Amino acid sequence: NFHNAAQVRQACDAGLRDAQNKLKVLEKLPASPTWLASYDAFNASVEDAFGPVAFVSNVHPDEAVRTAAEACEQRWQGFFTSLGQNARLYRAAKATEPADGIDHETLRTTIENFEDSGVGLSPSARAKAKKLADRISLLGQQFEKNVRDDKTLVPFTDAELAGVPEGIVKAAKRDPRGRALLGLDYPTYFPVMERAEKAEARERMWRAKMGEGGKPNLRILAEIATLRRDYARLFGFDS
């Protein structure tokens, strides 16, 4: 549990330090029948360290904690992009013989992930791939933050909300015209979409939900599209 930003930063430092130490051990392991299990255990430990931080960045009520978690996520992203370009692990994966069909499929996707991360590119292209991936991750995080922090309120008359659970209607704030103002949070959005009898009300709610994040997110999407095209071109593809 994270009660303040300092705890998030401490957990981030400890998690990344432990991941780096475990990575050094993994890098020394040669290809063998047990290599895949070691790699899987390493990934599980990384997920255990990263997962709670990524979770609180989306749900914690304290903005300072969320901000610290978002900063930690970016540090982890740097670790992940470097991990994806780790030539030692890539070579070990390619040299490992699968014990069965499950191992075979796991190794196939593992090797593809390394290659998609740019492990086989020239040093300069590999560095550019990492820079692009890190930027795309940062933009994606900002996109999600804009969605999460969107304060849009959709006005509805009581008649328009026929069928919507009474508790939601009664708890809603009202505008000067007496209309209920409903936010786009899941506990409000889904009951409206599932229970509102009027199609027009459901459509208005849906359109508002699809526009979460507003114009800033349109600009972010445009930049992400450009960066993804640049990333693809490093591998010889047009898009």
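Q: Which residues does Trp35 touch, not counting residues up to four places away in sequence?
A: Contact means heavy atoms within 4.5 Å. Trp35 touches Leu26, Leu29, Pro30, Leu89, Ala92, Ala93, Thr96 and Leu107, with residues up to four places away in sequence not counted. This is a predicted model, in which local features need pLDDT of at least 70 and side-chain atom pairs count only at pLDDT 80 or more, while totals for chains, interfaces and linings use all residues. Residues are numbered from 1 along each chain as its sequence is written, and side-chain values use heavy atoms, leaving out hydrogens and water.

Q: How many residues has the largest nonpolar core?
A: Such a core is a set of buried (under 20% relative accessible area, 1.4 Å probe, protein chains only) Ala, Val, Leu, Ile, Met, Phe, Trp, Tyr and Cys residues joined through side-chain atoms within 4.5 Å. Here the largest has 32 residues, and those with the most contacts inside it are Trp35, Phe42, Trp76, Phe79 and Leu89. At least two core residues come from each of the helices (DSSP runs of H or I, at least four residues) H1 (5-27), H2 (35-59), H3 (63-84), H4 (87-95) and H5 (101-116). The largest share, nine residues, is supplied by H2.

Q: Where in H2 does a kink lie?
A: A bend is the angle between axes fitted to the seven residues ending at a residue and the seven starting there. In H2 a kink of about 30° lies at Phe50, shortly before the proline Pro52.

Q: Is Lys209 buried or exposed?
A: Lys209, found in helix H9 (residues 199-210), is buried, because its relative accessible area is 11%. Leaving aside neighbours within four places in sequence, Lys209 is in contact with Leu184, Tyr186 and Tyr189.

Key. Buried < 20%, exposed > 50% of the residue type's maximum accessible area, 1.4 Å probe, protein only.
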